[in-house]
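The sequence and the three-dimensional structure are shown first, and the account follows.

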Amino acid sequence: MTEANKSSRIEGTNTTVEEDLMPLEEVSPEKRNDVQAVKNYIDAMNHGIHRIMVDEFPFTGRLLQEMHKILLQGVRGDHKLPGEFRRS
C-alpha cells in the first residue's frame, strides 16, 4: 500500500495511506480520483503477480496491456486508450 501511494505521487496523486485504506465513499469528493488511482495501481500489480505466479502466464506485452487497462479504469487518462500501446 505504501509503495502504491508513493509511486502514484510521481503522477501527481496526493493521498495518505489512511485515505487509501478507506472505502471510496468515505473519502472526501476532491480526493476520490487520487484514491481510485492508488487502488487501481494496487489492483494492476496484484493482477500481474497473480497472472505470473498462479496462472504461470509469461511477462509479455499482453500482460502489460492488461495491467495498463486496470490502472486507468475510472481515473484521469482513462480516455487515452487503456490497455493499448502508444502509436506515436
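The side chains of Glu66 and Arg62 meet in a salt bridge, with N and O 3.7 Å apart; a salt bridge is here a side-chain nitrogen of Lys or Arg within 4 Å of a carboxyl oxygen of Asp or Glu. Both Glu66 and Arg62 belong to helix 4, where they stand 4 residues apart, about one turn of the helix. The model is predicted, so local features need pLDDT of at least 70 and side-chain atom pairs count only at pLDDT 80 or more, while totals for chains, interfaces and linings use all residues. Residues are numbered from 1 along each chain as its sequence is written, and side-chain values use heavy atoms, with hydrogens and water left out.

**Salt bridges**

Glu66 also forms a salt bridge with Arg51, their closest N and O atoms being 3.1 Å apart. Because Glu66 lies in helix 4 and Arg51 in helix 3 (residues 32-53), this pair ties together parts that are 15 residues apart in sequence. Arg51 in turn forms a salt bridge with Asp55, with a closest N to O distance of 3.4 Å. The structure holds 6 salt bridges in total.

| Pair | Closest N to O distance |
|---|---|
| Glu66 and Arg51 | 3.1 Å |
| Asp55 and Arg51 | 3.4 Å |

A residue counts as buried under 20% relative accessible area, exposed over 50% and partly exposed in between, with a 1.4 Å probe and protein chains only. Arg51 is buried, at 15% relative accessible area. Asp55 is partly exposed, at 39%, and Arg62 is exposed, at 52%.

**Overall architecture**

The secondary structure of the chain consists of 4 helices and 0 strands, which gives the pattern α-α-α-α when read along the sequence. Helices (H or I, at least four residues) and strands (E, at least two) are DSSP runs, numbered from the N terminus. The C-alpha trace spans about 40 × 35 × 20 Å along its principal axes. Of the 88 residues in the chain, 30% are buried.

The accessible surface of the chain comes to about 6,200 Å², and carbon and sulfur atoms account for 56% of this area. Accessible areas come from the Shrake-Rupley method with a 1.4 Å probe; for residues, only the protein chains shown count as cover. Among contacts between residues at least 6 apart in sequence, 36% join residues at least 24 apart, a contact being heavy atoms within 4.5 Å.

**The nonpolar core**

The largest nonpolar core has 5 residues, namely Ala44, Phe57, Leu63, Met67 and Ile70. Helix 4 (residues 61-71) gives the most to this core, with 3 residues. Such a core is a set of buried Ala, Val, Leu, Ile, Met, Phe, Trp, Tyr and Cys residues joined through side-chain atoms within 4.5 Å. In soluble globular proteins, nonpolar side chains tend to be buried together. Leaving aside residues up to four places away in sequence, Ile70 touches Asn40, Asp43, Ala44 and His47.

**Individual residues**

Asn46 is found in helix 3 and is partly exposed, with a relative accessible area of 45%. The C-alpha atoms of Asn46 and Met67 are separated by 9.1 Å, although the two residues are 21 apart along the chain.

Lys69 is found in helix 4 and is likewise partly exposed, at 48% relative accessible area. With residues up to four places away in sequence not counted, Lys69 touches Pro82 and Gly83. Lys69 and Glu30 are 39 residues apart in sequence, and 23 Å separates their C-alpha atoms.

Positive phi values complete the account. Glu56, in the loop between helix 3 and helix 4, has a phi near 55°, a positive value in a residue other than glycine. Glu56 is exposed, at 68% relative accessibility. For Leu81, in the segment after helix 4, phi is near 55°, again positive in a residue other than glycine.
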